[in-house]
Amino acid sequence: MENIDWRNLPFGYYPTDYNVRCYGRNGKWGELEVSSSEYISIHMAATTLHYGQEAFEGMKAFRGVDGKVRLFRWQDNARRLRSSADGIMMQEVPDEVFFAAIEKAVRLNARFIPPYGTGASLYIRPLLFGSGPQVGVKPATEYMFLVFVGPVGPYFKEGFRPVTVELVRDYDRAAPRGTGHIKVGGNYAASLRPATRAAKNGYSTVLFLDAKEQKYIDEAGPANFFGIRNNTYITPESHTILPSITNKSIETLAKDAGMKVERRPVPVEELELFEEVGACGTAAIISPIGKIVDTAFGKVYEYGTEAGKNSTMLYKRLKAIQEAEMEDIYGWTTVIEGI
Ligand SMILES: Cc1ncc(COP(=O)(O)O)c(C=O)c1O
């Protein structure tokens, strides 16, 4: 076992022993290659560098209470990467290649999987990009699929404590008919300026509005948004947000806990009515939001300094399934045997 301070890991890059790579041409994928280098050699005219032909995924492996290592809903990440590839004309990665690369990367770096009970997990970052050269604006004819992993702690330094977020009115993350619904680098590039400004002003993250009318809540910088009131879990329906696998899981858990679930446009004014609000995603799991500051309109929405009871219940159930404290009746987890 590595001598790592597991309980105080930040969410960030952590060097490990190996990464796994694979090249695709003409719709076919080659053999998986294992590398111990953190660098890649890339053509200077690769489409990823010029035209942003790049998509990624974010998922986690957890060490459970029974000592076994589990992936959470990897098939959904594989499907979403294909949807991202389709959206920006990249060669799609089939389930077999996706899983084989992930399993190999996790196995080869098993000594970096955080022990159960530390609150840390192994973050998995699959990456797909156009590696072939083009000078005209066209899709590449060659693609690279790469998976690296690293141990991580909570995304927000507050952990499961309410954070303060800024409602952004002067920037859009994604265009109404653009790429907001897929996980491509360009969306994140567009979020960097408002997110950096918010961080400088002491906010944990930003909350974007819909780009068409600026009337509805879209999502947080790195996570989906939800609000809870009258025993109802409410989360935005929008073409410009990423379909979060965590959010989909929480919707199921909320329903099964006897809550109502609504996925629909969420007008900004509704922020007044919520009893609890939060952000959810692989990195953040559930992050309760204590305060939303609408700087442009000079308005502050407050939800208390403690996590709400429903958010806490949902967080505990999701974490319990991921760490095998609770039976996975949904078939969401996949054990990687023998590590
Ligand atoms: C913009 C954005 N929204 C939502 C999410 C949450 O998605 P998931 O729950 O699948 O991790 C993420 C990241 O993972 C994200 O980057």
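Modeller: The largest nonpolar core has 39 residues, and Phe-98, Ile-124, Leu-128 and Phe-145 touch the most other members. Several elements each supply at least two residues of this core: strands S1 (19-25), S5 (59-63), S6 (69-72), S7 (121-130) and S8 (142-152), along with helices H2 (74-87) and H3. Helix H3 gives the largest share, 6 residues. This is a predicted model, so read every value here as computed from it.

Take Phe-98 first. This residue is found in helix H3. Phe-98 counts as buried because its relative accessibility is 0%, and the cut-off for buried is under 20%. Leaving out residues up to four places away in sequence, Phe-98 touches Met-59, Trp-74, Asn-77, Ala-78, Leu-81, Val-93, Pro-126 and Phe-145. Not every part of the chain comes close to Phe-98. Trp-6 is 92 residues from Phe-98 in sequence, and their C-alpha atoms are 27 Å apart in space.

Now Phe-145. With residues up to four places away in sequence again left out, the contacts of Phe-145 include Val-20, Arg-21 and Cys-22. Phe-145 also touches Trp-29, Leu-81, Val-93, Val-97, Phe-98 and Ala-101. Pro-126, Leu-127 and Leu-128 complete the list for Phe-145.

Cys-22 has a relative accessible area of 0%, so it is buried. Cys-280 is likewise buried, because its relative accessible area is 0%. A search of the whole structure finds 0 disulfides.

Next, follow helix H3 to its end. H3 covers residues 95-108, and Leu-108 lies in it. Leu-108 has 32% relative accessibility, so it counts as partly exposed. Leu-108 forms a nonpolar surface patch with Tyr-18 and Val-34. Together the three have about 230 Å² of accessible area.

Then look between S6 and H2, two of the elements that supply the core. Arg-73 is found in the loop between them. Arg-73 counts as buried, because its relative accessibility is 10%. Its phi is near 50°, a positive value in a residue other than glycine. Most residues other than glycine have a negative phi. Asn-231 also has a positive phi, near 60°, and is not a glycine. Asn-231 lies in the loop between strand S12 (224-229) and strand S13 (232-235). Asn-231 has a relative accessible area of 40%, so it is partly exposed.

Charged pairs come next. The structure holds 20 salt bridges. One of them joins the side chains of Asp-170 and Arg-197, at 2.7 Å from N to O. Asp-170 lies in the loop between strand S9 (163-168) and helix H4 (185-200), and Arg-197 lies in H4, so the pair ties together parts that are 27 residues apart in sequence. Arg-197 counts as partly exposed, because its relative accessibility is 30%.

Lys-215 and Glu-213 also meet in a salt bridge through their side chains, at 3.3 Å from N to O. Both partners are partly exposed: Lys-215 has 44% relative accessibility, and Glu-213 has 41%.

A further salt bridge pairs Arg-263 with Glu-251, the closest N and O atoms being 2.9 Å apart. Arg-263 is in strand S14 (residues 260-263) and Glu-251 is in helix H5 (residues 245-256), so this pair links distant parts of the chain, 12 residues apart. The two ends differ in cover. Arg-263 is partly exposed, with a relative accessible area of 31%, whereas Glu-251 counts as buried at 10% relative accessibility. Salt bridges that share partners also join Arg-73, Asp-76, Arg-79 and Lys-248 into one network. That brings in Arg-73 again, from the loop between S6 and H2.

Apart from the core of 39 residues lies another core, of 22 residues. Among its members are Leu-207, Ile-289, Ile-292 and Tyr-301.

Note on methods
Residues are numbered from 1 along each chain as its sequence is written. This is a predicted model: local features need pLDDT of at least 70, side-chain atom pairs count only at pLDDT 80 or more; totals for chains, interfaces and linings use all residues. Side-chain values use heavy atoms; hydrogens and water are left out. Patches are made of residues with over 30% relative accessible area and no salt bridge: like charges are joined within 9 Å, nonpolar side chains (Val, Leu, Ile, Met, Phe, Trp, Tyr) within 5 Å. Accessible areas come from the Shrake-Rupley method with a 1.4 Å probe; for residues, only the protein chains shown count as cover. A salt bridge is a side-chain nitrogen of Lys or Arg within 4 Å of a carboxyl oxygen of Asp or Glu. Helices (H or I, at least four residues) and strands (E, at least two) are DSSP runs, numbered from the N terminus. Buried means under 20% relative accessible area, exposed over 50%, partly exposed in between (1.4 Å probe, protein chains only). A nonpolar core is a set of buried Ala, Val, Leu, Ile, Met, Phe, Trp, Tyr and Cys residues joined through side-chain atoms within 4.5 Å. Contact means heavy atoms within 4.5 Å. A disulfide is a pair of cysteine sulfur atoms within 2.5 Å.
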